[in-house]
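Let's walk through this model together, one part at a time. Keep the sequence and the 3D view side by side as you read.

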Amino acid sequence: MARSKSSNNDIAAAVKKDVEEVIDSLQQELERLRREGAERAQKAGRGAALVGTAGALGLVSAGALASLPLLALRRVMPAWQIALLVAGGSGAGAVALGRAGAARLAAIAPESLERELNRAVESVTDAARKD
């Protein structure tokens, strides 16, 4: 009997040692993955910043290019008419894009969110009609 207890203790100690090794190995692997994920997130953040900056510069470029026809119109129209033309066109485009976006969101949204979205669209539409 004493021999089997000793044998059981040896087996238990060996199993405990193996389990501890597995746990240590898993902890090391998780730490490596955490560091790797943090490095990737940092690189992704830098990349996103570069893309955002490129977008901002592209917007400035598009604005400068869009001003060319306005400068040409300045020769044949007063400034206030050009301002009304640009404001009306931009407003109409914003309404059209807003409605299209709202319709797409409503198609994938839960019913409660869809109701709120419809109320918001109606509110904006009413406000636009009053002006």
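**A pocket, some helices and a salt-bridge network**

The largest pocket has a volume of about 160 Å³. Some bookkeeping on that term: on a 1 Å grid over the protein atoms alone, a cavity is a set of points where a 1.4 Å probe fits but cannot get out, whereas a pocket is an open set with protein on both sides within 12 Å along at least five of seven lines. Lining residues have an atom within 4 Å of a point. Grid points are joined across faces, edges and corners, and the volume is the space filled by probe spheres set on the points.

Before going further, note that this is a predicted model, where local features need pLDDT of at least 70, side-chain atom pairs count only at pLDDT 80 or more, and totals for chains, interfaces and linings use all residues. Residues are numbered from 1 along each chain as its sequence is written, and side-chain values use heavy atoms, with hydrogens and water left out.

So who lines the largest pocket? The lining is made of A94, V95, G98, R99, A102, A120, V121, V124, T125 and A128. Two helices, α2 (79–108) and α3 (111–130), each supply at least two residues of that lining. Helices here are DSSP runs (H or I, at least four residues; strands are E, at least two), numbered from the N terminus. Sorted by class, the lining has seven nonpolar, two polar and one charged residues. In this scheme Ala, Val, Leu, Ile, Met, Phe, Trp, Tyr, Cys and Pro count as nonpolar, Asp, Glu, Lys and Arg as charged, and the others, Gly among them, as polar.

How confident is the predictor? The mean pLDDT (the predictor's confidence in each residue, from 0 to 100) of the protein chain is 85, with 94% of its residues at 70 or more. Confidence is lowest in α3, at a mean of 77, and highest in α2, at 87.

Let's stay with α2 for a moment. Its 30 residues should span 44 Å at 1.5 Å a residue, and its end C-alpha atoms are 44 Å apart, so the two values agree. The expected span is 1.5 Å times one less than the number of residues. The buried residues of α2 are I82, A102 and A106, where buried means under 20% relative accessible area, exposed over 50%, and partly exposed in between (1.4 Å probe, protein chains only). A102 also turns up in the pocket lining. From A107 to A96 is 11 residues in sequence and 17 Å in space, C-alpha to C-alpha.

Now for the charged side chains. The model has five salt bridges, each a side-chain nitrogen of Lys or Arg within 4 Å of a carboxyl oxygen of Asp or Glu. R32 and E29 form one of them, at 2.4 Å, N to O. Both lie in helix α1 (residues 2–73), three residues apart, about one turn of the helix. R32 counts as partly exposed because its relative accessibility is 33%, and E29 is partly exposed at 34%.

R32 also meets E36 in a salt bridge (2.9 Å, N to O); these two are four residues apart in α1, about one turn of the helix. Salt bridges that share partners join E29, R32, E36 and R40 into one network.

Another salt bridge pairs R34 with E31, with the closest N and O atoms 2.6 Å apart. R34 and E31 are three residues apart in α1, so about one helical turn separates them.

Finally, K5 lies in α1 and is exposed, with a relative accessible area of 59%.
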